[in-house]
Amino acid sequence: MLLSVKDVVKSFIVNGKEVKALKGVSFEADRGEILALLGPNGSGKTTLLRIISGILLPDEGEILVDGHRISKKIKKEILFIGEKVSLYPKLTVLENVEFWTSLSHKRYDAKEAADILERIDLPKEKWNMPAEVLSRGMAQKTLLATAFLVRPKIILIDDVFAGLDPRSVKSVKNILRELRDEGSLILITTHRVRDAEDIADRVIIMNSGEIAFIGTVSSAKSLIKEGYPVKLILDGPPEDMFRDLNASVKVTERGYEVRLLAESPAQISKLLEEVSSSGLRLVSMEVLEPSVEALLG
Ligand code: ADP
Ligand code: MG
């Protein structure tokens, strides 16, 4: 087994109070797999990736790579792309790729580097710019290009599709698939359920520091309903106006807060028509990013 995560517990002290970020997380994964970590904000996804990468130590439990605890040597086989992408700000894109490649056992080949930067859709005019001017998406692509040259055993990417345009999402997915097919284990986190379903072999759904679900994408489908989470605030009780939609209603300071998952934008407009013909006043409305939160909640 390439990766074993065993009973990992991690707490942080925030303002003198203990916050349990991970409450005993265990799973195994082998080479040649893409695993997507889904779950609401604060459910422990980033903490888990940081612990697997070896930059953060667990309070309890252990991480084994090929059966061994993480050492300096093993760390070299793991690439972690966090929220802040670790490039040298003053080095150019090409210099960064060369630098990171040279730290590995692979020989740097300028032609190979150019090929992969092209494939990953990093505009050529950026190649000789210092990394500090890159967006998060471009910095991530630079490190992914390096991954392609170095072939780490494990690639961890936090919020993998953040800040990428649709075309870049496509090229990043293709590179990830290729790395997987060549034998890397890839763990990603994302808020974008649809993209996770598209690319992952298995998904892990995290909730409050625990694994709520782990399994294949197809078996997760019943849990991961596609939709548009909607939050409405009305000035009076909606009675059973939203009954068919499994809406939850809560009385707040601002009014009656209704949360539901709409299937389509058309359904949202129909809802609004119903609200206006009911005589209730719409205090506010928000359509949230599709996320797993709405589905576990
Ligand atoms: P996610 O990535 O799923 O949003 P995180 O792993 O970032 O979740 O956070 C899990 C919990 O741990 C949250 O309650 C968060 O506030 C807390 N946490 C994470 N990192 C730190 C830290 N460095 N210091 C204090 N609290 C932290
Ligand atoms: Mg996070």
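The points below go from the whole chain to single contacts.

The model is predicted: local features need pLDDT of at least 70, side-chain atom pairs count only at pLDDT 80 or more, and totals for chains, interfaces and linings use all residues. Residues are numbered from 1 along each chain as its sequence is written, while chains are lettered from A and ligands numbered from 1 in the order in which they are written.

**Whole chain**

- The protein chain has ten helices and 14 strands; helices (H or I, at least four residues) and strands (E, at least two) are DSSP runs, numbered from the N terminus.
- Along the principal axes, the C-alpha atoms fill a box of roughly 70 × 45 × 40 Å.
- Of the 297 residues, 33% are buried, where buried is 20 or more other C-beta atoms within 10 Å of the residue's own, exposed is 12 or fewer, and partly exposed is in between, with C-beta atoms placed from the backbone.
- Among contacts between residues at least 6 apart in sequence, 73% join residues at least 24 apart; a contact requires C-beta atoms, placed from the backbone, within 7 Å.

**Shell around ligand 1**

- Ligand 1 is surrounded by Phe 12, Val 14, Val 19, Ala 21, Gly 39, Asn 41, Gly 42, Ser 43, Gly 44, Lys 45, Thr 46 and Thr 47, the criterion being a C-beta atom, placed from the backbone, within 6 Å of the molecule.
- Strand 1 (3-14), strand 2 (17-29) and helix 1 (45-53) each give two or more residues to this shell, and helix 1 gives the most, with three.
- The shell has four nonpolar, seven polar and one charged residues; Ala, Val, Leu, Ile, Met, Phe, Trp, Tyr, Cys and Pro count as nonpolar, Asp, Glu, Lys and Arg as charged, and the others, Gly among them, as polar.

**Helix 5 and its partners**

- Helix 4 (residues 110-119) packs on helix 5 (residues 136-150) at about 130°, with the axes 9 Å apart; axes are lines fitted to C-alpha atoms over the stretch in contact, and angles run from 0 to 180 degrees between N-to-C directions.
- That angle makes helix 4 oblique to helix 5, since under 35 degrees counts as roughly parallel, over 145 as roughly antiparallel, 65 to 115 as roughly perpendicular and the rest as oblique.
- Glu 112, Ala 113, Ile 116 and Leu 117 of helix 4 meet Ala 145, Phe 148 and Leu 149 of helix 5, a set of six nonpolar, no polar and one charged residues.
- Helix 5 and helix 6 (residues 166-181) pack at about 25°, with axes 11 Å apart, and are therefore roughly parallel.
- On helix 5, the contact with helix 6 uses Gly 137, Lys 141, Leu 144, Ala 147 and Phe 148, and on helix 6 Ser 168, Val 172, Ile 175 and Leu 179; six are nonpolar, two polar and one charged.
- The axes of helix 3 (residues 93-102) and helix 5 come within 9 Å and cross at roughly 40°.
- Val 93, Asn 96, Val 97, Trp 100 and Thr 101 of helix 3 contact Thr 142, Ala 145, Thr 146, Leu 149 and Val 150 of helix 5, giving six nonpolar, four polar and no charged residues.

**Ser 168**

- Ser 168 lies in helix 6 and counts as partly exposed, with 18 C-beta neighbours inside 10 Å.
- Leaving aside neighbours within four places in sequence, Ser 168 contacts Asp 121 and Gly 137.
- Ser 168 and Asp 121 are 47 residues apart along the chain, and their C-alpha atoms are separated by 6.6 Å.

Terms used. Two residues are in contact if their C-beta atoms, placed from the backbone, lie within 7 Å.
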